[in-house]
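Reader: Please take me through the labels used for the model below. I want each one set against its cut-off.

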Amino acid sequence: KKTLDTLVAAGYFRARIDTLSEFDKIAGGMVWAVTASAFAVDVNIIFEENASIGQRIKTGEGIVRALLQMRCPHRIEPHQIHSRIDYPAVFPVIQWLVKSVIEYREFTGDTIRRFSVSQFQKNYDKFPEEKQTEQATIFVDQVSSRYMPRRQFKKVRQCSVSNQGRRGRCNSA
């Protein structure tokens, strides 16, 4: 449960699908994480849903080779993935993979942000909200002071109970 929640939190939403087998969820999530972390691995990992046992073994071996090339600090064997999933062994690997995916996303996000700012600065000097001259500030202050709220109706005197007939005239002056 914790392993699948970690994958979903990282962005692998296929782990939520109830009709998929545990192998399809875990192995698919691991293949997704290897791909999404953009490590240059020399392994051809082909993942198919509802695969035969031979294809599962081949996928598990490909995942293990990719993890070795990525220098994953946690060791895992193919049989811990393709047969009955060994969650205590798989969970730290998935945590590490998710961490590498998040680091890659942060790196690419920062890179894209810097690139977009540089492209913007090629065409414009500053952002519009940064361009505020002293003359504009003076004008805004003048307009604000000119249109300050002013009270139009003031209570001149209190009406007594004896002046009930003129109450409407007493309230406004």
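Predicted model: local features only at pLDDT ≥ 70, side-chain atom pairs only at ≥ 80, totals over all residues.

Reader: What makes the phi of R71 worth a remark?

Author: Most residues other than glycine have a negative phi. R71 is not glycine, yet its phi is positive, near 60 degrees.

Reader: Where is R71 found, and is R71 buried or exposed?

Author: R71 is in the loop between α3 and α4. Buried means under 20% relative accessible area, exposed over 50%, and partly exposed in between (1.4 Å probe, protein chains only). R71 has 69%, so it is exposed.

Reader: What makes a stretch count as a helix, and how many helices are there?

Author: A helix is a DSSP run of H or I with at least four residues; a strand is a run of E with at least two, and numbering starts at the N terminus. The protein chain has 7 helices and 0 strands. From the N terminus, the order is α-α-α-α-α-α-α.

Reader: How do you know what span to expect for α2?

Author: The expected span is 1.5 Å times one less than the number of residues. α2 covers residues 22-36, which is 15 residues, and reaches 21 Å from first C-alpha to last, close to the 21 Å expected. α3 has 17 residues and reaches 24 Å, close to the 24 Å expected.

Reader: Why is α2 called largely enclosed?

Author: Of its 15 residues, 11 are buried, so the rest of the structure largely encloses α2. Among them are F23, I26, M30 and V34.

Reader: What covers the buried residues of α2?

Author: The cover includes α1 (2-10), α3 (53-69), α4 (79-82) and α5 (87-123). In α3, the buried residues are T59, G60, G62, I63, V64, A66 and L67. Their cover includes α2, α4 and α5.

Reader: Why is Y12 called buried?

Author: Y12 has a relative accessible area of 6%, so Y12 falls in the buried class. Y12 is in the loop between α1 and α2. Contact means heavy atoms within 4.5 Å. Leaving out residues up to four places away in sequence, Y12 touches L7, D24, K25, G28, G29 and W32. The C-alpha atoms of Y12 and G29 are 6.3 Å apart, although the two are 17 residues apart along the chain.

Reader: Is G60 buried or exposed?

Author: G60, in helix α3, has 0% relative accessibility, so G60 counts as buried. Beyond four places in sequence, G60 touches P78 and I81.

Reader: What makes a set of residues a nonpolar core?

Author: The members are buried Ala, Val, Leu, Ile, Met, Phe, Trp, Tyr and Cys residues, joined through side-chain atoms within 4.5 Å. The largest core has 29 residues, and M30, L67, I81 and L97 touch the most other members. α1, α2, α3 and α5 each supply at least two residues of this core. Take I81: beyond four places in sequence, I81 touches F23, A27, M30, G60, I63, V64 and I76.

Reader: How do you know at what angle α2 and α3 pack?

Author: Axes are lines fitted to C-alpha atoms, for helices over the stretch in contact; angles run from 0 to 180 degrees between N-to-C directions. α2 and α3 pack at about 35 degrees, with axes 11 Å apart. The axes of α2 and α5 come within 9 Å and cross at roughly 35 degrees.

Reader: Which hand does the crossing of α2 and α3 have?

Author: A crossing is left-handed if the near helix is turned anticlockwise from the far one by less than a right angle, and right-handed if clockwise. α2 passes α3 in a left-handed crossing. The crossing of α2 and α5 is left-handed too.

Reader: Which residues of α2 meet α3?

Author: F23, A27, M30, V31 and V34 of α2 meet R56, T59, I63, A66 and L67 of α3.

Methods: Residues numbered from 1 in each chain as written. Heavy atoms only, no water.
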